[in-house]
Amino acid sequence: MNHTLYGMPASLYTGKVRAYLRTQGIAYEERAASDPQFRGRIMPAVGRFIIPVVETPEGEILQDGAAIIDRFDERGLGTWTAHPDTPRHGIIARIFELFGGEGLLRPAMHYRWNFDEQNLDFIRKEFGNALAAGATRADKDAAYERGAGRMRQAAMIFGVIPESFAEIEASYAEFLGLFAAHCEAHPYVLGGHPTAADYGLIAPLFAHLGRDPAPANLMRRAAPEVARWVERMNAPGRDAPEFPGYGEALFADDAIPETLLALLRYVARDFLGDLEAQVAGVDTHLAETEITEGDIVGGKPGQRMVGLSPLNWRGLSLNVGVFPYRIWLMQRIQDAFEALDDADRASVQAMLDDAGLGALLTLKPKRRVARKDHREVWGALNT
């Protein structure tokens, strides 16, 4: 029996899991989020409407891209582990897993929802087909309207407002240039096969920025190397014929080429402030709310945001949503660092300091975030 992936082609987070399953050679069947099995059986088990969800042949239900990949890695089901066992590569993989899924949300949401002339017909059909599969076109259009309204509101919560459009486009252009330079020399972020770094980045770079007409055309024109990497990440196995003799190994001796260091420096400039705002916002929420370890974040399963936090981003004053899920992803970087021996910690610390990301290792709110029963819960106090 195959694994079953519940999601939708236009979903950012589904793209991460789908790419993992395809590149790792894991057999699966994809079903729409409107599938009766999802509505009638999976959603009650998960406790909310959220995608992606994977059901294994044994009946195990897994939710969240990072958790799904971890579970498959633990079981040795893929061709390669998503998390390298060398210190610097292991940390880098987790950094780009965080940055891809969360740090590229502004361009992903901007280029999807603010280019209706190019995108609207495509997005309307994509959403309708997934959210009301098998229904009439009128019902599909109604499903699109319901989903689109929520997503356009969410874009503003991420800081996508008219005053920020120009800076979002400038920031994304900078990223595309840096990533294109890396993809011209290397098939994957860390060398010869995909890791969690690639799976994090493919989430926005496929579903929104690589498929929606306006950003897809931009990517092909401005960064064809990135467009080719998007194709590679959706192909079965390893797809790198333009790199003859490159091999499947990651960079030797835990090395970091200059093109990758440049990307890390970009993450520091463009995203570290976001994480600082998230930590400040979580601490404000904790100070204003009676919290006990194990409580569901937001107080109910469907509530992932716990307020707004001010953010100074590229000279703009924004108010952005606070999502403790991002703290959980950042903790994975910090926990992996703490598990290293002294020599490896020194090597990673030097790398991050060089990139301007040293603060990433100590940036912590007053309480940890955990995941239990497919949702975020408040963890223990940080010491």
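User: Which residues does Gln-331 touch, not counting residues up to four places away in sequence?

Analyst: This is a predicted model. In it, Gln-331 touches Arg-368 and Val-369, with residues up to four places away in sequence left out of the count. Gln-331 has its place in helix H13.

User: What makes Gln-331 count as buried or exposed?

Analyst: The relative accessible area of Gln-331 is 5%. Buried means under 20%, so Gln-331 is buried.

User: Where is Thr-56, and how do you know whether Thr-56 is buried or exposed?

Analyst: Thr-56 lies in the loop between strand S3 (53–55) and strand S4 (61–63). Its relative accessibility is 3%, to be set against the limit of under 20% for a buried residue; Thr-56 therefore counts as buried. Beyond residues up to four places away in sequence, Thr-56 touches His-3, Leu-62 and Arg-75.

User: Why is helix H3 described as largely enclosed by the rest of the structure?

Analyst: Helix H3 spans residues 65–74, and seven of its 10 residues are buried, so the helix is largely enclosed by the rest of the structure. The buried residues in H3 are Gly-65, Ala-66, Ile-68, Ile-69, Asp-70, Phe-72 and Asp-73.

User: What is found at the start of H3 and just after H3?

Analyst: At the start of H3, a side-chain oxygen of Asp-64 comes to within 3.1 Å of the backbone nitrogen of Ala-66. A polar contact requires a pair of N or O atoms within 3.5 Å, so the distance from Asp-64 to Ala-66 meets that cut-off. Just after H3, Gly-76 adopts a positive phi of about 65 degrees.

User: Why is the pair of Tyr-20 and Phe-72 called edge-to-face?

Analyst: A search of the whole structure finds 18 aromatic pairs. In the pair of Tyr-20 and Phe-72, the ring centres are 6.0 Å apart and the planes stand at 90 degrees. Rings pair if their centres lie within 6.5 Å, and planes over 60 degrees apart count as edge-to-face; the pair of Tyr-20 and Phe-72 is therefore edge-to-face. This pair links distant parts of the chain, with Tyr-20 in helix H1 and Phe-72 in helix H3, 52 residues apart. Both Tyr-20 and Phe-72 are buried.

User: What makes Phe-127 and Tyr-144 an edge-to-face pair, and how do you know whether Phe-127 and Tyr-144 are buried or exposed?

Analyst: For Phe-127 and Tyr-144, the figures are 6.2 Å centre to centre and 90 degrees between the planes. Against limits of within 6.5 Å for pairing and over 60 degrees for edge-to-face, the pair is edge-to-face. Phe-127 in helix H6 and Tyr-144 in helix H7 are 17 residues apart, and their pair links distant parts of the chain. Phe-127 has a relative accessible area of 7% and is buried; Tyr-144, at 2%, is buried too.

User: Which residues form one aromatic cluster?

Analyst: One aromatic cluster is formed by Phe-96, Phe-99, Phe-175, Phe-179, Trp-229, Tyr-266 and Phe-271.

User: What kind of peptide bond joins Ile-51 and Pro-52?

Analyst: The bond between Ile-51 and Pro-52 is a cis peptide bond, with omega of about 5 degrees. Pro-52 is in the loop between helix H2 (36–46) and S3.

User: What lines the largest pocket, and which helix gives the most to its lining?

Analyst: The largest pocket holds about 1300 Å³ of space. Its lining comprises 37 residues, and Tyr-13, Phe-49, Met-151, Ala-154 and Arg-304 lie nearest its centre. By kind, the lining residues divide into 21 nonpolar, seven polar and nine charged. H7 gives the most to the lining, with seven residues. Among the helices that each supply at least two lining residues are H1 (12–23) and H13 (324–338).

Terms used:
Residues are numbered from 1 along each chain as its sequence is written. This is a predicted model: local features need pLDDT of at least 70, side-chain atom pairs count only at pLDDT 80 or more; totals for chains, interfaces and linings use all residues. Side-chain values use heavy atoms; hydrogens and water are left out. Helices (H or I, at least four residues) and strands (E, at least two) are DSSP runs, numbered from the N terminus. Buried means under 20% relative accessible area, exposed over 50%, partly exposed in between (1.4 Å probe, protein chains only). Contact means heavy atoms within 4.5 Å. A polar contact is a pair of N or O atoms within 3.5 Å; within protein, one must be able to donate a hydrogen and the other to accept it, and residues adjacent in sequence count only if both atoms are side-chain atoms. On a 1 Å grid over the protein atoms alone, a cavity is a set of points where a 1.4 Å probe fits but cannot get out, and a pocket is an open set with protein on both sides within 12 Å along at least five of seven lines; lining residues have an atom within 4 Å of a point. Grid points are joined across faces, edges and corners, and a volume is the space filled by probe spheres set on the points. Ala, Val, Leu, Ile, Met, Phe, Trp, Tyr, Cys and Pro count as nonpolar, Asp, Glu, Lys and Arg as charged, and the others, Gly among them, as polar. Rings of Phe, Tyr and Trp (its six-membered ring) pair if their centres lie within 6.5 Å; planes under 30 degrees apart count as stacked, over 60 as edge-to-face and the rest as tilted.
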